[in-house]
Amino acid sequence: VQLQASGGGLVQPGGSLRLSCAAAGFNVRVKPMAWYRQAPGRQRELVADITSGRSTNYADSVKGRFTISRDMNTVFLQMNSLRPEDTAVYYCKTVYNWKDLWGQGTLVTVSS
């Protein structure tokens with residue numbers, strides 16, 4: 001049972017990346033899913049979340065630039081107009097057996 005995040009990398013300011021988080025070993029189709037991020041020296045913060053009914057919620061800092069979506073057993077985070085301050089390790093999260101289950105994180109670096 002795990003979440004496998006991928007899609008991070010180095011991108012220039014103004015660029016785009018698409019993160020994926022695939023659930024393995026269990027079904028997340030009826031579970032809420034979320035993306036968090038943690039920049040160096042800062043606390044982990046919620047970026048976006050999505051319910052099983054596809055209702056979404058975004059941090060003010062990413063509204064209009066990021067889009068969370070889901071398909072089958074995977075959740076995505078489309079990130080456009082990236083800024084240096086978006087640099088962080090991005091984690092996906094869901095709930096399994098009434099406990100938070102985190103993916104391993106994928107590093108996003110926005111730099112010229």
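Modeller: Happy to; what follows goes through the hairpin, its aromatic rings and then the open sheet.

A word on the ground rules comes before the tour. This is a predicted model, in which local features need pLDDT of at least 70, side-chain atom pairs count only at pLDDT 80 or more, and totals for chains, interfaces and linings use all residues. Residues are numbered from 1 along each chain as its sequence is written, and side-chain values use heavy atoms, with hydrogens and water left out.

Strand β9 covers residues 88-96 and strand β10 covers residues 99-102, and the two pair in the antiparallel sense over four bridges. Strands here are DSSP runs (E, at least two residues) numbered from the N terminus, and two of them pair if DSSP finds at least two bridges between them. In general, strands of a sheet pair through backbone hydrogen bonds, either parallel or antiparallel. Y96 stands opposite K99 in β10. Two residues lie between the strands of this hairpin, and N97 takes a positive phi near 50° there.

Now for the rings. A search of the whole structure finds three aromatic pairs. Rings of Phe, Tyr and Trp (its six-membered ring) pair if their centres lie within 6.5 Å; planes under 30 degrees apart count as stacked, over 60 as edge-to-face and the rest as tilted. One of the pairs joins F26 and Y96: the ring centres are 5.0 Å apart and the planes stand at 70°, so the pair is edge-to-face. Because F26 lies in the loop between β3 and β4 (33-38) while Y96 belongs to strand β9, this pair ties together parts that are 70 residues apart in sequence. F26 counts as buried, at 10% relative accessibility, whereas Y96 is partly exposed, with a relative accessible area of 29%.

Another edge-to-face pair is made by Y91 and W102, as their ring centres are 6.4 Å apart and their planes are at 90°. Y91 sits in strand β9 and W102 in strand β10, 11 residues apart, and the pair links distant parts of the chain. Y91 is buried, with a relative accessible area of 15%, while W102 is partly exposed at 32% relative accessibility. Together with Y36, Y91 and W102 form one aromatic cluster.

A charge sits over a ring if NZ of Lys or CZ of Arg is within 6 Å of the ring centre and within 35 degrees of the ring normal. R18 does likewise with F76, lying over the face of that ring at 4.0 Å from its centre.

S20 in β3 is the bridge partner of S6. Both strands belong to an open sheet of four, in the order β1-β3-β8-β7, with antiparallel pairing. Its edge strands, β1 (2-6) and β7 (66-71), each pair on one side only.

Note on methods. Buried means under 20% relative accessible area, exposed over 50%, partly exposed in between (1.4 Å probe, protein chains only).
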